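Morning, everyone. Please have a look at the sequence and the model before I start talking.

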Amino acid sequence: MKNIQNFLAQVRSDLGDQWVDQRPETLVRYGEHTLPGQARAPSAVLFPESTAQVVAIVKAANEFGIALYPISTGNNIGLGSRAPARAGQVVVDLGYRMNRIREINEETCYAELEPGVSFQMLRDELRRRGDKLMVSATSGPPHGGIIGNAMDRGAGYGPYFDHFGMTCGMEVVLGNGEVIRTGDGSLDTESLVNWHVSKFSFGPALDGLFAQSNFGIVTRVGVWLMPRPPASRSFHFVFPDDEDLAEIIELCRPMKLSNFVPSLFRIANDLYAMAPDERNPEYLEGSRQSISGTARKALQGKHGLGAWQVSGMFYGASAAAIEPLVARVRGHFERSGKARYIGHDEALDIPALRIAIDSMSGEPSAGELGMLQWRPGSGNSWFLPGTPMVGSQAMELDRLGRAIYEKHGMDYVVMHVASARFARGLHVLVWNKDDAGENARADACYRELTLEFSKRGIGVGRAPADYADLHMEQMMPSLRRACQAIKQALDPNGVISPGKYGIDLPGAK
Amino acid sequence: MKTHFTQTQLAEPQIAEAADILQSCQHFGFCTSGCPTYVLLHDENDGPRGRIDLIKEMLESGGAPSSKTVKHLDRCMSCMSCMGTCAVKVDYMHLIDVGRAHIEKTYRRPLAERLLRSALGFVLPRRNLFKSALSLGRIAARFGRWMPPAVRPLLELLPPPRSSDPADAVGQRNYPAVGVRRWRVALLEGCVQPEIAPHINAATIRMLTRFGCEVVMPEAAGCCGSLNLHMGKQEAARSFARANVAAWLNELDQGGLDAILVNASGCGTTVKDYGHLLKGDPDFEQGAQRVAAIAVDVCEWLMRIGVSAPTTPRRHKVTYHDACSLRNVQKVTQPPRALLLKAGYFVSDVPEAHFCCGSAGTYNMLQPDLARQLGQRKAANLASTHPQIVAAGNIGCITQIGLHSPTPIVHTVELLDWAYGGPAPLALRTVSLEEIAIDKEAHDEAVASSSEQPIHFYPGNTSKDMGVW
């Protein structure tokens, strides 16, 4: 008790009284989330304004033995929202005041950002400067945080989809209070030239240590921006049957191996495509089972869509220049006999496909959010494994996942996002948290998915906060020990988000 | 979200409606990121999610709310930015009005506040009273320092005296179409607008008649009711709405009407929602629906009927400010831009387009501090786009932004009128505006930079493409 009071007194003098928030409403709100477990309220929320203030907070945390939980901005929906890894940690809200776009370089096309910059803010600024550069948008809403997403290895759908990969050089405050710059930023000088243009720097690339970890607090990042092409045209294919997935994967793979198609392929199942605009009609009538095949077919008919919708995009000098490329893709997909082509202009008027178009053209959109009400209620989580780009393997995992969802009475909402060798499977779980039974089933569903996929050699790429320990338990013991050792080295007092991603100091519990 | 209303409470239609809306909220919080008051204050009770909880608490208890609750609910601008980012489409618009009505019925405000709110709700909608108030206000403004603090924000908002140019006046109730009459439309004159900015209606009428519309403005149609509605004075709002519905139904049934046009987006939102406002009124429910069904913003209408190429395309840089009511509620964003572009203007958007300018009806009078912060923020965002002119579709925005931005701000329809043969907009007559040549624009944009962020740019490179495609 005494320690937290002393800590808060110290940070009040470092930050100013008004930037230390212990109001009950604040603590309750920050503790809320959409996962099955209980809320986890912090003991305070701090709003630093600069790297120097973050350092002061970290030093105070070390001195008084306080656990911090840094967040950036946005909702982090389905992954834990703003709630700390453990109740009582002190949330350090970087997003509210550290939200400057520090630099936009229009020659080498990058932006230097603070954690509070959202997709919308950057989009607005780029538009104000003549719309020459693009943001790479996610499925999440426009107010989401660019750095937060990149540091959790989130992704977009266009050529710059690898958001962490598209960062180049960061500034990090370590758990011991020291500040480092990674990559070419590590030169001991204030006038840095290659910090945000080169990833080929001397020595070990430490950047990766700070993605999906609790080893440091990232306070500044360089992000590469794609030039906006004069024209972009999408293409879409609708497939009628669940079992078509195997063939879809086989068709997509060669197009990505050669990078003939520069975007990723979005392969959305019927529910993923239509849930933003619909509610489960059977659920609304009282059913607590997975939606029936008949109802799915009816929805497909209503929207003119199928069991799978495949979307991709070309970028080029003009629509005419792109046309032959689309024709090539069309010929390739239509060989299957099952693909029904939908062109760019028609797709603009189909909401599910419009979302795909926006996401690949750098337009942050709230379009997908509606799927949170597919089953009205405040429960949402994401299961995020992936499959090699091999049709038979993808099909096997699809059958497995579908069966597990059905066993727990959940609706199988999934989108595979395919690159050359691998497709991320975005599996959505939505349910009514106020229904204790359904809440428990949603939890059990996630856990069984994890265990069954793990048995088949498949791990996840990103996880909701509540399941970090579950996933860490699936890791090899030597890797767990290595994480703990790194934690010990960079954060010897364990002040940064202990427990996040299942990482703690050795011997802690 | 679970609610706990008694059966007795739910028997009341407004409570039943509120209960439904409350149940739909899932606390996700997407609404907070876009809420101007949450962004400014970062108080969980000053965002839609928090306000929803406060309304729930207040309505469930049934009694008077605490002053804290009232404070937080009063700070809501009804800008509806939240409704654009809500994942589940909570009908916040109607919920906050139920909340306000409950406060008005059960909460006893301090005397000064009550007087001010009553005065605003009574005087502003009545043209003759408002006219007298303006005159009084201009006298009082000379003694600004001695005026009570609550009154000072009102004095700041006093408009300059009206133009004496006959082209800026509206003298008739009926304007025939120029040439062949293709449509017959009613125009909502408004309450405040004809007194402080009659030139907007004058320009509107010219645009409409020019393109084949006969324009009628029945005398019995007056204030739309928004001002009272947003202060929780539901009965007053409904009585204004009834008067308008009766006047327009008369026109509908006599001469016929193709549309009811509104050129103040705050009013347009309310008129389009008359079906909801007068629901359950046995005499007016159906009429209200008929009227609401043909209510459109003037830009929507002009897009619908189609306008020809402009007689004098105007080559000026215009930054278009989306009034929150037009953008977030009516969702009319393309028509004004498309019309301005067709009229020859170069149109830019503003960063933070979802942010209200702070006008929000009587908000800038009742919440002057927040309104000022928002106005200044909007002005800075506008300035960052280097406009020659700012255009907006709402008199409130024009007044509010005019206080904080040095760039002349006009109504969209004035700019259109100017390109189609009408006089220069009032605010531009004393300003000298350079015409932008088409290839100069890109160049101007490239070299003009007063922003603090370093931009590395070779002045010679004006091509839009950063790469080779």
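Two strands pair if DSSP finds at least two bridges between them. Helices (H or I, at least four residues) and strands (E, at least two) are DSSP runs, numbered from the N terminus. With that, take β1(A) and strand β2 (residues 44-46) of chain A: they pair in the antiparallel sense over 2 bridges. Asp21(A) has Val45(A) in β2(A) as its bridge partner.

Some ground rules. This is a predicted model, where local features need pLDDT of at least 70, side-chain atom pairs count only at pLDDT 80 or more, and totals for chains, interfaces and linings use all residues. Residues are numbered from 1 along each chain as its sequence is written, while chains are lettered from A and ligands numbered from 1 in the order in which they are written.

Back to that sheet in chain A. It is open, with 4 strands in the order β1-β2-β4-β3, and the pairing is mixed. At the edges are β1 (20-21) and β3 (68-71) of chain A, each pairing on one side only.

Next, a helix pair in chain A. The axes of α13 (residues 391-407) and α14 (residues 436-455) of chain A come within 9 Å and cross at roughly 155 degrees. Axes are lines fitted to C-alpha atoms, for helices over the stretch in contact, and angles run from 0 to 180 degrees between N-to-C directions. Angles under 35 degrees count as roughly parallel, over 145 as roughly antiparallel, 65 to 115 as roughly perpendicular and the rest as oblique. So α13(A) and α14(A) are roughly antiparallel to each other. Which residues of α13(A) meet α14(A)? Leu400(A), Gly401(A), Ile404(A) and Tyr405(A) do, and they face Cys445(A), Glu448(A), Leu449(A) and Glu452(A). Contact here means C-beta atoms, placed from the backbone, within 7 Å.

Now the two chains together. Chain A puts 37 residues into the contact and chain B 31 residues. On the side of chain A, the elements giving two or more residues are α2 (24-31), β5 (101-105) and α4 (119-128).

On to chain B. Its domain assignment gives domain 1 (7-106), domain 2 (111-156), domain 3 (166-303) and domain 4 (308-447). Those bounds come from an automatic or database domain assignment. The C-alpha centres of domain 2 and domain 4 of chain B lie 28 Å apart. In contact there are 4 residues of domain 2 and 5 residues of domain 4 of chain B. Helix α11 (residues 152-156) of chain B gives the largest share of the domain 2 side, 3 residues.

Chain B has a helix pair to show as well. Helix α5 (residues 48-61) and helix α6 (residues 67-74) of chain B pack at an angle of about 135 degrees, with their axes 10 Å apart. That makes α5(B) oblique to α6(B). Gly50(B), Arg51(B), Leu54(B) and Met58(B) in α5(B) meet Thr69(B), His72(B) and Leu73(B) in α6(B).

Last stop, a sheet in chain B. It is open, with 4 strands in the order β7-β6-β8-β9 and parallel pairing. β7 (346-348) and β9 (409-411) of chain B each have a single partner strand, so one side of each is left without a neighbour in the sheet. From one strand to the next, the twist averages 35 degrees. Strand β6 (residues 317-320) of chain B runs parallel to β7(B), joined by 3 bridges. There, Thr319(B) stands opposite Ser348(B) in β7(B). Helix α25 (residues 412-419) of chain B packs on this sheet and touches β6, β8 (389-392) and β9 of chain B.

Notes:
Two residues are in contact if their C-beta atoms, placed from the backbone, lie within 7 Å.
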